[in-house]
Amino acid sequence: MAASLTHEKLSELGLIHRTDESKAWFARANKVLAGGISSSARASTTGDLPYPLYITRGAGSHIWDADGNEFIDYLLSYGSVILGHQDAGLKSAITAQLDAGTMFGTCNTIEVQLAEQICRMVPGVDLVRFSNSGSEAICGAVRAARGFTSKTKILKFEGHYHGWVDVLAISNRPAAAESGPLDHPASQPHSRGIPQGIVNDVIIAPWNHRRQVENILDQFESDLAAIVLEPVVANNACTMPEPGFLEFLREQCTRRKLLLIYDEIVTGFRLARGGAAEYFGVIPDLMIWSKAIGGGFPISAFGGRRDVMLPVAANTVKHGGTYNGNPLCAAAALETLRRLGEPGTLEAIQNHGDGLIEAIKRSAHDLHVPCCVQGTGTMFQLVFTDDGQPLRHYRDILKANSARYGVFRQALLEMGVHINNSGSACWFVSAAHGANDAAGGFDLAHTRSAIERAMRACA
Ligand SMILES: Cc1ncc(COP(=O)(O)O)c(C=O)c1O
């Protein structure tokens with residue numbers, strides 16, 4: 001897997017001189033794809049290059065672009081490819097399903113086994129429903145919450161991301177000038193085209209600020225159906241909940257009869273086998289999963305407490321979809337969860353990540369670069385804050401040194417280490433990076449030395 005990737009080869013700087021194929025593909029794409037891309041997020045994944053890298057192959061923890069440049073992949077399709085690329089077990093599960101047929105539009109036995117597996121792995125889950133992307137599952141959970149409570153408004157936190165669809169694409173990343181006072185942040189649509197009526201139904205609060213949250217809840221309690229949140233804010237550089245904050249939200253929701261919803265689209269089956277619910281030991285009423293659940297196949301789910309999901313079961317809250325629970329993606333998810341459930345899989349992922357975090361902290365310390373690392377070994381991000389302190393909430397990241405992150409990220413890319421171009425996103429580790437994998441030792445050693453050199457580049 002790591003056969004062609006050597007320290008010497010990756011040390012040659014000047015990716016711009018080695019990516020002519022990507023450049024040509026982007027020119028071609030621009031003629032037929034709006035903006036040359038298939039998702040707005042990809043507009044910002046290019047870093048210093050004036051075009052994206054076109055990745056044509058992946059194996060284990062490595063990916064190759066159209067010019068044959070090889071990278072250790074810590075983007076992992078935003079954390080989805082948790083077993084690594086072309087995992088042998090996943091390949092055989094999928095191949096068996098291809099042989100049996102991929103889609104019938106009927107009930108199938110694999111979706112049942114997958115739902116059973118989720119209910120076994122995640123605390124507080126009695127009933128689930130499948131869909132195909134995170135955004136779709138968000139829509140399902142929000143509708144379920146509104147249907148159960150007969151209330152309309154949803155409280156979300158500034159800087160948390162819950163998909164591109166209208167329902168919660170509010171105040172994802174507002175500019176400082178537009179975000180209003182901290183005590184009562186403004187609801188800012190993330191895009192043109194979102195109706196004002198939807199914006200008005202989303203109340204924004206500052207993460208990790210109890211007094212402000214309590215005041216906002218006092219004001220809107222009678223209209224609120226739910227509080228929704230990213231338990232580790234993957235879209236805000238893995239900002240963690242301060243100790244007691246999730247417990248505080250749980251208590252507020254219970255007392256005020258609101259639902260607590262965890263968006264576990266990133267954290268699910270990654271932070272721990274039972275996701276953030278298990279990791280923090282604070283159980284929400286509803287959860288939403290995607291990414292890691294499918295090991296790289298498009299599948300998502302929402303689910304939770306029996307009584308909250310009963311209107312969905314009774315079909316008074318409608319939820320549908322042609323591709324929901326299709327056997328191909330369900331088979332991929334079943335195999336992925338089976339493997340993540342095995343002792344040692346998540347631990348190896350965690351260990352590899354811990355080794356990288358340690359390298360970042362050590363080189364930042366040695367080179368006197370103020371920097372903090374947030375998250376856990378399975379998903380984390382470094383942030384160049386002036387005082388080296390972790391972020392508390394969204395507005396802190398606006399003050400971080402994004403130019404320094406850009407230099408650091410580009411230096412890593414030049415050395416064959418592929419991470420998200422956005423400093424608000426995270427590094428993801430897969431089982432293929434883990435210490436038990438043949439390439440694991442190489443990945444760790446190479447990435448650690450690249451980190452040290454990238455830190456030097458931005459010191
Ligand atoms: C926390 C979170 N929620 C929701 C979504 C939306 O998922 P999708 O892109 O599959 O629609 C994302 C995507 O990155 C996410 O990170």
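Helices (H or I, at least four residues) and strands (E, at least two) are DSSP runs, numbered from the N terminus. Everything below comes from a predicted model, where local features need pLDDT of at least 70 and side-chain atom pairs count only at pLDDT 80 or more, while totals for chains, interfaces and linings use all residues. Residues are numbered from 1 along each chain as its sequence is written.

**View 1. Now look at strand 8 (residues 259-264), which is mostly covered.** Six of its six residues are buried (20 or more other C-beta atoms lie within 10 Å of the residue's own; 12 or fewer makes it exposed, in between partly exposed, with C-beta atoms placed from the backbone). Leu259, Ile261 and Asp263 point one way from strand 8, and Leu260, Tyr262 and Glu264 point the other way. On one pairing, strand 7 (residues 224-229) runs parallel to strand 8 over four bridges (two strands pair if DSSP finds at least two bridges between them). Here Ile227 stands opposite Leu260. To get from strand 7 to strand 8, the chain goes through helix 9 (residues 245-256), and this β-α-β crossover is right-handed. Right-handed says that, with the strands pointing away from the viewer, the path from the first strand over the helix to the second runs clockwise. Strand 8 also pairs in the parallel sense with strand 9 (residues 286-289), over four bridges, and Glu264 stands opposite Trp289 there. Strand 8, helix 10 (residues 275-280) and strand 9 make a right-handed β-α-β unit too.

**View 2. Helix 5 (residues 109-121) has a buried side and a face turned away from it.** The buried residues are Ile110, Glu111, Leu114, Ala115, Ile118 and Met121. Why do they sit on the same side of helix 5? They cover an arc of only 135 degrees around the axis (taken from the directions from the helix axis to the C-beta atoms), which puts them there. Turned away from that side are the exposed residues Thr109, Val112, Glu116 and Arg120.

**View 3. Helix 11 (residues 306-313) has its own buried residues, Val308, Met309 and Val312.** Seen down the axis, they fall within an arc of 80 degrees, so they line one face of helix 11. On the other side, Arg306, Asp307 and Ala313 are exposed.

**View 4. Strand 3 (residues 70-73) pairs with strand 2 (residues 62-65) in the antiparallel sense, over three bridges.** Glu70 and Ile72 point one way from strand 3 and Phe71 and Asp73 the other way, and all are buried. His62 stands opposite Ile72. The hairpin of strand 2 and strand 3 has four residues between the strands, and Gly68 in this hairpin takes a positive phi near 90 degrees. Strand 3 also pairs with strand 13 (residues 417-418), this time in the parallel sense over two bridges, and the bridge partner of Asp73 in strand 13 is His418.
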